[in-house]
Amino acid sequence: MQYIYAMMFAVDEINHSESLLPGVRLGYRILDSCGLHPWAMEAALSLVGGYDTNCSITPENNTGSVGKTKEMGVFFFSKGVKNVPLIIGGASSKAAIILTGVLGPLSVPLMSYQSSCPCLSDRRLYPNFFRTIPSDIYQARALAQLAIRFKWTWIGAVMAQSDYGLVALKVFQEEIAKSGLCLAFVKTLRRQNIVADAREAALTIQASTAKVILAVSWYTDIRELFVQLDRINVTDRQFLATEAWSTSGDLLQHPATSRVARGVFGVAIRSSNIDGFEAYIRGLHPSQSPDNEFLREYWEKEFGCAPVSSSSASLPPCNGTESLYGVQSHFTDMSQLRVTYNVYLAVYAAAHALHSLLSCPNTDTSTSSCSSPHQVTPAQLLEHLSRVNFITPQGESFYFQGGDIPARYDLVNWQKSPEGSLRLSLIGKVDGFDIDLNETGIQWSTGSTQVPVSVCTMSCEPGTRKAIRKGEAVCCFDCIPCGDGEISNNTDSLQCDRCPLEFWSNPARTSCIPRQQDFLSFNETLGITLTTVAVSGAVVTTAVFVVFLYYRQTPMVRANNSELSFLLLVSLKLCFLCSLVFIGRPSVWSCRFQQAAFGISFVLSVSCLQVKTMVVLAAFRSARPGAEALMKWFGPHQQRGSVGIFTSIQVLICIIWLSLSPPQPQPDWEMTGVKVAVECAMESVLGFSLVLGYIGLLACTCLLLAFLARKLPDNFNEAKLITFSMLIFCAVWVAFVPAYVSSPGKYSVAVEIFAILASSYGLLFCIFAPKCFIILLRPEKNTKKHLMAR
């Protein structure tokens, strides 16, 4: 009824307009198809073929007629014109498809106010179709944008088993997939099996972790779904509504709805006020249009009386005081003019197209683009309709894009009133791709303004990455912490980024921080310990040197080649002190000096021991008959020369090595952790190997010679002591190699210092401890007789 009178009101406004179609009066004819498609097709053919006087009654002014027969439509014509150039109708998409197919060959435009199927946007198939309601594609996109906006990544869907549900869900799913949102489930509702399907959908909703449910169906199907949810007490779901049920008064007033569907949020056909329309409606009376069957039936139902003599005989006659001014019904409710406003716009769009056609500057009516009021053809009107562009009485811009209008929707929210009932609240608008939304004004299903959370897995915090679960939707994932040296500083990162070499990840794995340079310093416990041990060794060596120097005339000192003993003590002191060069921040010169000092000091020590061993062997051999000349090869000069030659070879190796490829201080970026070791990198492993190898060669040779001389008949055998010392020396340095290679960073330096100190202490104590014991504590044994005795 409201749609019918919106058409009539718009025609009346246009006929009284001085700017729109001046001098031309529009007429209309309204037929009812009762929702039957064959009747709709028959009525459309009747409209375009001319008046059927058996189906309508024409008022005296000959501007319009209303008859209750088969199809609801409106046509426009000037006074005296019999056939219609345009039909407004096709309330459903199926009806619009049928009517467009029938009217297409006749080039008669069909303008629908409620057919929203996206298929009707195809101009190749439906070139004569126009509509004042947006395509369902746009409402599905708007709902998807809202889901993306509120970060609902896990959404359930219930849809009608029809093109309406299938198309809307397909578009919605395509849109949300671009942003990584997922559908938790999809359940269909079939009209012929609605109770069972609604019960199954309700159980699925109850079992799912999805808290937001998209419902794409008719309000009758949704009502049954709410009933089933109420029976199993599911009241914490947030529903996303389409325009098919978002403004349904029947649903808002249903008892189950207030319990399970509080906070429904969705799109609705845009609404607008129509100035003067309410007064027009409330001023209606059957006496003004006795032949209007629609109004007569409504009057009988509303007031329970017969307004005219032709009314039902079973009802008492009305007393004439009945009025719609005090009636509150859907017909008189002007708060939600949605489809009604689409009907109103359709009338104005047709009027402006006709105005454009009749105002054509080309006066040659034989052309296809211009016409006189008495020669309007549907093809001409169709051509001008596609170019319509005007401002509505409400101040909106109106134009067609193909056969569609720009997408405009209202965003509505079902809110609980203080009385406990649900009421419809406008909280935003959609204009194309722009969404204007008052988020703070939304009342959600929880009863608060806090946006509900609907996710399969909570977002991965910075410092972690998403790992998709095999065989599950992309919205279901695990959050894996980033590894050492990797970070992620965004929520839901798909991967962790490796920090540059100079940086490392912080403990939270959210940012890269500069790496701290680490080296063996004098301030840390390990450095202090090694320094103390090294200095103690040097002090002990100095003490031994002083003892030997003080008792240099005693047999114990003289019998053990005092010159080589003093030289050995000096070299051992250098060994202790050279370990200190390894401690502290590496520099270019410290890296070069430490290896040279280490290699030369130990070669000097081992050379002294080797020469001492050779002297002992030569002395023993020279005691045999005929071997007196052997000792002339091992005099003091020869001993000093031998030590000098052995040491010079090591000096030469060090010079060549340090000249060609010296060690360089550089950070070891391959290390893991926030600390990076600064060490003396061996540019040439061969040079370091030659230094160690030469020391090892001398040590092995000395060990072999000392081993051969270990059973000489002296009571105090020097070769035996050298054997023990070299065994310790070799054991330390054999263990050093694997320990050095496997130790990270500064600990490799500590291993080398330990090897230097351990071998130095081994030489010091094995060679000199027994002698100092006799010199200081057993002076009676410090005689030549005792030393030479067997």
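User: Is R296 buried or exposed, and with what relative accessible area?

Analyst: This is a predicted model, in which local features need pLDDT of at least 70 and side-chain atom pairs count only at pLDDT 80 or more, while totals for chains, interfaces and linings use all residues. Residues are numbered from 1 along each chain as its sequence is written, and side-chain values use heavy atoms, with hydrogens and water left out. Buried means under 20% relative accessible area, exposed over 50% and partly exposed in between, with a 1.4 Å probe and protein chains only. R296 therefore counts as buried, with a relative accessible area of 17%.

User: Where does R191 lie, given that the salt bridge it forms with D221 links distant parts of the chain?

Analyst: The closest N and O atoms of D221 and R191 are 3.1 Å apart. D221 is buried, with a relative accessible area of 2%, whereas R191 counts as partly exposed at 47% relative accessibility. D221 is in helix 7, and 30 residues away R191 is in the loop between strand 7 (182–189) and helix 6 (194–207).

User: How is the ring pair of F226 and W245 classed?

Analyst: Rings of Phe, Tyr and Trp (its six-membered ring) pair if their centres lie within 6.5 Å; planes under 30 degrees apart count as stacked, over 60 as edge-to-face and the rest as tilted, and by this rule the count comes to 35 aromatic pairs. Because the centres of F226 and W245 are 5.8 Å apart and their planes stand at 75 degrees, this pair is edge-to-face.

User: How many residues apart in sequence are the parts that F226 and W245 tie together?

Analyst: Both residues, F226 and W245, are buried. F226 lies in helix 7 (residues 219–231) and W245 in the loop between strand 9 (238–241) and helix 8 (249–253), so the parts tied together are apart in sequence by 19 residues.

User: How is the pair of W657 and F688 classed, by its ring centres and planes?

Analyst: W657 lies in helix 18 (residues 636–660) and F688 in helix 19 (residues 685–708), so the pair ties together parts that are 31 residues apart in sequence. W657 is buried, and F688 is buried too. With centres 6.2 Å apart and planes at 45 degrees, the pair is tilted.

User: Which residues does T392 touch, not counting those up to four places away in sequence?

Analyst: T392 sits in the loop between strand 11 (389–391) and strand 12 (397–399), and T392 is buried, with a relative accessible area of 5%. Taking contact as heavy atoms within 4.5 Å, the residues that T392 touches are Y341, L345 and F398.

Methods:
Helices (H or I, at least four residues) and strands (E, at least two) are DSSP runs, numbered from the N terminus. A salt bridge is a side-chain nitrogen of Lys or Arg within 4 Å of a carboxyl oxygen of Asp or Glu.
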